[in-house]
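Hi everyone, thanks for making time this morning. I'd like to walk you through some charged side chains and the partners they pick. Let me put the structure up.

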Amino acid sequence: MRKYFILAMTVLSCVGMIACGGKEVNVDVGNESGYQETKQTQAPEPTKEVEVTQTPEEILSLAEEAVEGYNEGTKTYDATKVYLSSLQESHEISELKDYMETVEVLKTSKENYAKAEVFSESGETVRAIELYSKVDKQDAQYSAATTKKEQLVAEYKKDIFQAAKESAQNKEYDEAIAVLDAAKGVLGTDAEWEAMMESYESQKEKQEIADQLTLAEEKADKGDYVAAITLLKPYKEKADANITKALAQYCTAYKKEMLTGAKKLADKRNYE
C-alpha cells in the first residue's frame, strides 16, 4: 500500500510541473506520517547575449587611459599597442589613429631618455645632453630630462670655459677659440660664450699684428722695405695705429732709398 502511495504522488508531481510550463512549482506531498512536505524544482533559464554599446567619446577615453598608462609606466608598449589595435578593429573612429601615433612618439622619447641616462653615467656629457633634449614634452619624464640636461649643460659650460681660459693664458688663442667653437652646438645662444669668443678673437688679432710688426721690423732693419711693407699691407684695414705708423715709416724709407738710387744712377750717367 505504501508503495502505491509514493508512486501516485510522484506522478502528480510530474503532471503539475508539465502543467506549469517547466517553471518552478511547489507540490505538497503527503508523507507517510500524515504531514505535508514541500519540494522545489528549478527549470534552467535560457541564456541571453547582453550587448553593451559605448559612445565614441567613451572609446576615446579608454584609448587615452591606455596611452597614459604607458606614459606613466604602468603598461608596457606591446600591451598598449595591442589594446589600441583592438579598439581600432572594433570601432571605426579616426581619432584612434592619433593615439597610436602618440604611443610611437612616446616610445622614441623614452628610448632617448634611457640612452641619455647611460651616457650621463659614463661621462659622455655632450651625447647625454643631446638625448635629454630629444625627450618629448608629452613624456612623463620630460621634466626630469629638462632638469638633468640643464645640470649637465652648466657643468659642461664650466669645464669648457676653464679649458679655453687656460689656452688663452698661454697665448694659444687658436686653441681657445677652437674649444669655444666646438661647444657652440651645446651651449647655443649664451652671452658669456659670445663675450669670451669676442675677447679671444680680439686678442688673437692683436697677437697676429704684433708678430707681423716684429717680422716687418726685422726685414726693414736689413733694408728690405718691400718685404716689410708686404707683410703689413693685409692688416692695413684693421685701423691699428702701430700698423699705420710702421707702413708710413717703411714707405718713406723705401721712397728715399729709391730716390737715392735714382740720383746715383743719374750722376753716374752724367759723369760718363
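Let's begin with Lys110. If we set aside the neighbours within four places in sequence, Lys110 is in contact with Tyr70, Asn71, Asp139, Ala140 and Gln141. Lys110 itself sits in helix H4.

So, is Lys110 buried or exposed? Its relative accessible area is 17%, and because the cut-off for buried is under 20%, Lys110 counts as buried.

Now stay on helix H4, which covers residues 96-121, and look at Lys107. Lys107 forms a salt bridge with Glu111, and the closest N and O atoms are 2.8 Å apart. Why are these two separated by about one helical turn? Because they are four residues apart in that helix. As for accessibility, Lys107 is partly exposed at 27%, and Glu111 is also partly exposed, with a value of 35%. Compare that with Lys110, which is buried.

Moving along to helix H5, residues 125-132, we find a pair made of Glu130 and Arg127. Their salt bridge has its closest N and O atoms 3.2 Å apart. Here the two residues are three apart in the helix, so about one helical turn lies between them. Glu130 has a relative accessible area of 38%, which makes it partly exposed, and Arg127 is partly exposed too, at 35%.

Both of those pairs stay inside one helix. What about a pair that links two helices? For that, please find Lys204 and Asp174, whose side chains meet in a salt bridge with an N to O distance of 2.8 Å. Lys204 belongs to helix H8 (residues 191-221) and Asp174 to helix H7 (residues 173-187), so this pair ties together parts that are 30 residues apart in sequence. Lys204 is partly exposed, with a relative accessible area of 27%.

How many salt bridges does the structure hold? The count is eight, and the ones I have shown include Lys107 with Glu111, Glu130 with Arg127 and Lys204 with Asp174.

One reminder before we discuss: this is a predicted model.

Terms used
Residues are numbered from 1 along each chain as its sequence is written. This is a predicted model: local features need pLDDT of at least 70, side-chain atom pairs count only at pLDDT 80 or more; totals for chains, interfaces and linings use all residues. Side-chain values use heavy atoms; hydrogens and water are left out. A salt bridge is a side-chain nitrogen of Lys or Arg within 4 Å of a carboxyl oxygen of Asp or Glu. Buried means under 20% relative accessible area, exposed over 50%, partly exposed in between (1.4 Å probe, protein chains only). Contact means heavy atoms within 4.5 Å.
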